[in-house]
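Have the structure open beside you and try each task before reading its solution.

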Amino acid sequence: MFGIHNFEINASNMNYLPNNSLSNVKNYPIICTIHMDGCFYCQQLKPKWDNAVKLLHNKYDGNGATMFVERNCIDNLNSQYGFNLPTPASYPHIISITPSNGVYEYGNIPKETREPQDLLKFMITHGDFKKKNKKGKKGKKGKQTGGENTGGNNKIGNQDFGSWK
C-alpha cells in the first residue's frame, strides 16, 4: 500500500524533496493546488486546503497524494519526475491528475466552493480514498477493526514536507 502522502513544494525545498516518494506518486491519483507566491486568493485558500488535507488524512485510507505547488516549480516537477502539471492562466488552480483519466480541473462542477468540505469531496471523488473504520469499533465477529493512518511522513533532516503539527 502506497498510503496518502502530502507534499508542499516551493522554490526553497524543491531540491530536497524525497525522490523515491515523488517518483512513485505519479502512479497514483494526485490532488493538486498550483499557487502563486503573494497571490491574495492563494493565501486565502491555504488554510482551507490544509484543513481539507488534514480531514483526508484523519478520516480516509487509500493511495494517492495531495500537493500544494508553487507555480515556478511546475517545469521542474514535469521534467525531473515526469508529472503532467499544466501551467494555469489563473491562481490558485486546483486539479486532479490520475494515471488513467489525465487532468480534471476543480470548478468544472457547478456550485463547488473553496471550503474544506467541498475540497475534501473533490479529493475523495478524484482520488483512491475510502473512509476509515472507526478505531476500536467491533467488527461483525467481535474482532477489533480500524487502524492508524499509514500515510507518508515526508521529512528530511529539519525540512518538513507534509507531517502534521
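Predicted model: local features only at pLDDT ≥ 70, side-chain atom pairs only at ≥ 80, totals over all residues.

Residues are numbered from 1 along each chain as its sequence is written, and side-chain values use heavy atoms, with hydrogens and water left out.

**Exercise 1.** Find which elements of the protein chain have the lowest and the highest mean pLDDT.

*Solution.* Start with the term: pLDDT is the predictor's confidence in each residue, from 0 to 100. Helices (H or I, at least four residues) and strands (E, at least two) are DSSP runs, numbered from the N terminus. The lowest mean, 37, belongs to strand 7 (residues 155-156), and the highest, 94, to helix 2 (residues 40-59).

**Exercise 2.** Trace the salt bridge between E8 and K46.

*Solution.* First, the rule: a side-chain nitrogen of Lys or Arg lies within 4 Å of a carboxyl oxygen of Asp or Glu. For E8 and K46 the N to O distance is 3.1 Å.

**Exercise 3.** Which residue does K46 meet in a salt bridge of 2.7 Å?

*Solution.* The partner is D50. K46 and D50 are four residues apart in helix 2, about one helical turn. Finally, salt bridges that share partners join E8, K46 and D50 into one network.
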